[in-house]
Amino acid sequence: MTRVFLGFGSNMGDRHNNLILGCDSICAFSETFLQNTSSIYETSPLYNTQQSSFLNMVIEVTTELSAHELITAIKRVEVALGRDIENGHNLPRPLDIDILAYGNEEINDGKLTIPHPGIFERKFVLQPWSDIAEDFILKGMNESIKSLLQSTPDKSEISLTQLTVGKMT
């Protein structure tokens with residue numbers, strides 16, 4: 001089993017429900033088990049600011065799926081929940097799920113980059129991730145999530161909207 005952290009974001013439709021449906025869908029994958037969920041935060045869009053605010057969270061799962069099997073399954077969930085994956089980056093979407101870390105692996109093969117390359121500049125990822133694994137050392141950066149959060153150049157506002165669901169086994 002591999003320890004995996006996934007980042008979730010939604011800024012279209014019933015954002016909260018989209019996060020829940022996405023989490024439920026991920027946990028329905030074969031041999032994938034929810035370990036922990038962060039609190040849910042509301043954030044302003046970071047790159048394309050001409051869109052609605054996001055709800056963001058991070059979950060921890062363990063899985064027997066390979067990283068490539070996992071991203072393929074994740075893309076199916078995003079499409080099932082209404083995301084147009086052909087419509088470019090940083091646009092409004094019902095659900096966006098990123099693999100933030102897949103165990104201690106580093107992958108950069110043109111199809112998948114892990115750890116996710118924008119983590120250090122994304123408070124909307126670092127804050128919820130810090131809720132559940134502040135001491136996790138990010139491969140390739142050799143810094144904890146807590147340290148990355150403290151040093152991120154992202155100074156955007158982030159508001160807690162729902163307290164953590166917590167560990168599930």
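**Exercise 1. Describe the salt bridge between Lys 75 and Glu 78.**

Step 1. Find the pair. The side chains of Lys 75 and Glu 78 meet at 3.1 Å, N to O. A salt bridge here means a side-chain nitrogen of Lys or Arg within 4 Å of a carboxyl oxygen of Asp or Glu. Side chains of opposite charge can pair when their charged atoms come close.

Step 2. Helices (H or I, at least four residues) and strands (E, at least two) are DSSP runs, numbered from the N terminus.

Step 3. Buried means under 20% relative accessible area, exposed over 50%, and partly exposed in between (1.4 Å probe, protein chains only). Glu 78 has 0%, so it is buried. Lys 75 has 28%, so it is partly exposed.

A note on the model: it is predicted, local features need pLDDT of at least 70, side-chain atom pairs count only at pLDDT 80 or more, and totals for chains, interfaces and linings use all residues. Residues are numbered from 1 along each chain as its sequence is written, and side-chain values use heavy atoms, with hydrogens and water left out.

**Exercise 2. Explain what the salt bridge between Arg 15 and Glu 42 ties together.**

Step 1. Give the distance. The two side chains meet at 3.1 Å, N to O.

Step 2. Locate both ends. Arg 15 is in helix α1 (residues 15-27), while Glu 42 is in strand β3 (residues 40-43). The bridge therefore ties together parts that are 27 residues apart in sequence.

Step 3. Arg 15 is partly exposed at 21%. Glu 42 is partly exposed at 27%.

**Exercise 3. Describe the surroundings of Thr 32.**

Step 1. Thr 32 is in strand β2 (residues 32-37). Its relative accessibility is 3%, so Thr 32 counts as buried.

Step 2. List contacts (heavy atoms within 4.5 Å). Leaving aside neighbours within four places in sequence, Thr 32 touches Ile 26, Cys 27, Val 61, Thr 62, Thr 63 and Leu 65.

Step 3. Take one partner. Thr 63 lies 31 residues from Thr 32 along the chain, yet their C-alpha atoms are separated by 4.2 Å.
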